[in-house]
Amino acid sequence: MLKGCSGVKASRKGSRVYSVDWQLPKAGDTVIVAKGVYAAKSGWPKVRGLLEGAVVFTSGGTKDKPVTYRGEKGAIIDGRLFSNAIKISQAREIVLEGFDIRRGRVVVWESSYCVIKNNTFHEGRGGIHIR
């Protein structure tokens, strides 16, 4: 099991964290995202006019061994109404569970065999968009 995002709290307030404190997960790994608020910022890059996402997952697994991204109780992803709170991009075999998703949506972009379960959506542009 991998523990991710613990270094985010130590980063400079308002800065975007481009690298995370774990290696890319491999097939069968579970990444536990620490409790805390992970929020989008207005100056972040946009693709076709949409904010890329407060969190972007790009590493997946295999049919028998998906990569699971699990939020601890209190793991909040806040899209701040910019559009995408979470983006799953060009990945296969991902399970996304246990997140409190606020003011944004989950976008599945050019990905396949993704399971999104036991997440809570609040306020605004919630939901799941598959492209």
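Predicted model: local features only at pLDDT ≥ 70, side-chain atom pairs only at ≥ 80, totals over all residues.
Residues are numbered from 1 along each chain as its sequence is written, and side-chain values use heavy atoms, with hydrogens and water left out.

Colleague: What is the mean pLDDT of the protein chain?

Modeller: pLDDT is the predictor's confidence in each residue, from 0 to 100. Of the chain's residues, 69% reach 70 or more, and the mean is 75.

Colleague: In what order do the four strands of the open sheet stand?

Modeller: Strands are DSSP runs (E, at least two residues), numbered from the N terminus, and two strands pair if DSSP finds at least two bridges between them. β3 (36-39) and β14 (120-122) each have a single partner strand, so they stand at the edges. With parallel pairing, the order is β3-β8-β11-β14.

Colleague: Which residue in β14 is the bridge partner of arginine 102?

Modeller: Strand β11 (residues 100-102) pairs with β14 in the parallel sense over three bridges. The partner of arginine 102 in β14 is histidine 122.

Colleague: Is aspartate 100 buried or exposed?

Modeller: Aspartate 100 lies in strand β11. Apart from residues up to four places away in sequence, it touches Ala75, Ile76, Ile77, Thr120 and His122, contact meaning heavy atoms within 4.5 Å. Buried means under 20% relative accessible area, exposed over 50% and partly exposed in between (1.4 Å probe, protein chains only). With a relative accessible area of 18%, aspartate 100 is buried.
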